[in-house]
Amino acid sequence: MNKYDQYLLQSCSRLDAVTNSDGKITRCAQAIVEGKEEASVLLCKFIEKASELKDPQITQIAISAKDSLIRFHGYKQLTKILLKTGAEEDHSTLEELIFQLNQLVGLENVKSKVNDLIAFHKVQLMRNEKGLHSPKSTMHLAFTGNPGTGKTTVARIVGRIYKKLGLLSKGHFMEVSRTDLIAGYQGQTAHKVKDVIEKAKGGVLFIDEAYSITENDHSDSYGRECLTELTKALEDYREDLVVIVAGYTEPMKQFFESNPGLKSRFNTFIEFDNYNTNELMDILRRMSEKEDYTLSEKAQGVLMRLFIKETDSSGQEFANGRFVRNIFESMIMNHARRIVKVKSPTLQELKELSENDIVQLVEGAHIH
């Protein structure tokens with residue numbers, strides 16, 4: 001999720017709270033972020049109705065929501081134009097990108113393996129310059145682990161790093177799912193996969209929940225057709241394409257067993273571990289700071305107890321960063337409901353998320 005997605009969700013969440021819309025505006029914004037552009041019309045109607053209330057504070061929040069919608073669509077359109085023309089440019093240096101990777105919360109095993117990959121490719125490039133032989137190895141990667149553990153974020157950074165190393169011509173990022181790869185008619189899937197590959201060439205093709213391609217097992221001829229074409233592309237375009245497949249650990253094992261030769265196209269398998277409680281708190285602090293919020297000491301204490309309970313009870317199904325994101329969005333909604341009733345709130349009141357903003361979450365999780 002980029003900052004424009006976040007800005008849209010947060011501004012609409014605030015508008016939802018001050019207009020007592022029971023989550024309708026927030027759900028509308030979520031639909032827009034998920035690609036349902038027709039929901040923008042409905043959001044504009046919500047914003048217009050809010051502005052008609054003639055409340056200065058609500059009007060200001062409505063203006064902010066409209067501004068976030070404009071920025072969201074402007075960013076999406078510009079990205080499409082740049083990707084279409086191949087003109088997108090990343091001004092970050094290789095060192096800055098590696099720093100971004102290493103600054104991610106937790107993921108020590110992941111960062112170690114990606115840094116090893118960077119070192120390997122840097123040395124092979126130096127060997128090539130000296131006329132030395134370099135072993136042929138695929139750049140394709142497999143990421144396994146629970147959702148919310150940073151797989152998409154790392155995949156994006158890897159693409160940008162490989163571009164800076166000269167391994168990819170564009171370094172752009174393209175995320176697809178089963179519906180983007182498999183057609184509704186026999187024989188059309190291969191063409192659909194080829195189109196996706198053509199658009200992804202020069203960058204990273206990220207396939208989340210890759211095992212869904214073969215979810216119907218041997219009865220799914222469409223899935224087998226997709227996998228056959230994809231396996232061929234992994235070899236044919238290995239010089240200027242990185243395919244990263246991702247998903248839960250056990251289903252991914254079955255995915256690699258579903259097609260002879262598929263696993264041989266990947267030589268790097270990286271497991272993304274669940275975040276521990278301290279890392280979850282660190283993620284929440286960073287989210288808060290980024291959006292100009294602070295967490296009171298009492299709030300942090302309650303949150304730690306909540307994180308401990310969730311990590312102990314959720315096991316392999318824990319949503320990690322997504323769980324933290326949901327917590328944060330619920331807190332700022334509760335904060336907005338609380339602060340809107342305060343006449344002339346201070347700067348600290350506008351910024352600080354307190355234990356009062358967590359009470360409903362705590363009660364739902366039976367934390368005391």
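Predicted model: local features only at pLDDT ≥ 70, side-chain atom pairs only at ≥ 80, totals over all residues.
Colleague: How many aromatic pairs does a search of the whole structure find?

Modeller: The search finds eight aromatic pairs.

Colleague: What describes a pair of aromatic rings?

Modeller: Two values are used: how far apart the centres are, and the angle between the planes. For Tyr-4 and Tyr-75 the centres are 4.6 Å apart and the planes are at 20°. Planes under 30 degrees apart count as stacked, so the pair of Tyr-4 and Tyr-75 is stacked.

Colleague: Which parts does the pair of Tyr-4 and Tyr-75 tie together?

Modeller: Tyr-4 belongs to helix 1 (residues 3-18) and Tyr-75 to helix 4 (residues 56-85), so the pair ties together parts 71 residues apart in sequence. Tyr-4 is partly exposed, at a relative accessible area of 24%, and Tyr-75 is partly exposed too, at 30%.

Colleague: Is the pair of Phe-256 and Phe-269 stacked or edge-to-face?

Modeller: Here the ring centres are 5.2 Å apart and the planes are at 70°. The cut-off for edge-to-face is over 60 degrees, so Phe-256 and Phe-269 form an edge-to-face pair. This pair links distant parts of the chain, 13 residues apart: Phe-256 is in helix 11 (residues 249-257) and Phe-269 is in strand 5 (residues 268-272).

Colleague: Are Phe-256 and Phe-269 buried or partly exposed?

Modeller: Buried means under 20% relative accessible area. Phe-256, with 9%, is therefore buried, whereas Phe-269, with 30%, is partly exposed.

Colleague: What else involves these two rings?

Modeller: Phe-256 and Phe-269 form one aromatic cluster with Phe-255 and Phe-266.

Colleague: Phe-269 is in strand 5. In what order do the strands form the sheet?

Modeller: The order is 2-3-4-1-5, in an open sheet of five strands with parallel pairing. Strand 2 (173-176) and strand 5 are the edge strands, each pairing on one side only. On average, neighbouring strands of this sheet are turned by 20° against each other, direction ignored.

Colleague: How many bridges join strand 2 to strand 3?

Modeller: Strand 2 and strand 3 (residues 204-208) run parallel and are joined by four bridges.

Colleague: Which strands does helix 6 touch?

Modeller: Helix 6 (residues 108-129) packs on the sheet and touches strand 1 (141-145) and strand 5. The direction of helix 6 makes about 155° with that of strand 5.

Technical notes:
Residues numbered from 1 in each chain as written. Heavy atoms only, no water. Phe/Tyr/Trp six-rings, centres within 6.5 Å; stacked < 30°, edge-to-face > 60°. Helix = DSSP H or I, 4+ residues; strand = E, 2+ residues; numbered from the N terminus. Buried < 20%, exposed > 50% of the residue type's maximum accessible area, 1.4 Å probe, protein only. Pairing = 2+ DSSP bridges. Axes fitted to C-alpha atoms, helices over the stretch in contact; angles between N-to-C directions. Contact = heavy atoms within 4.5 Å.
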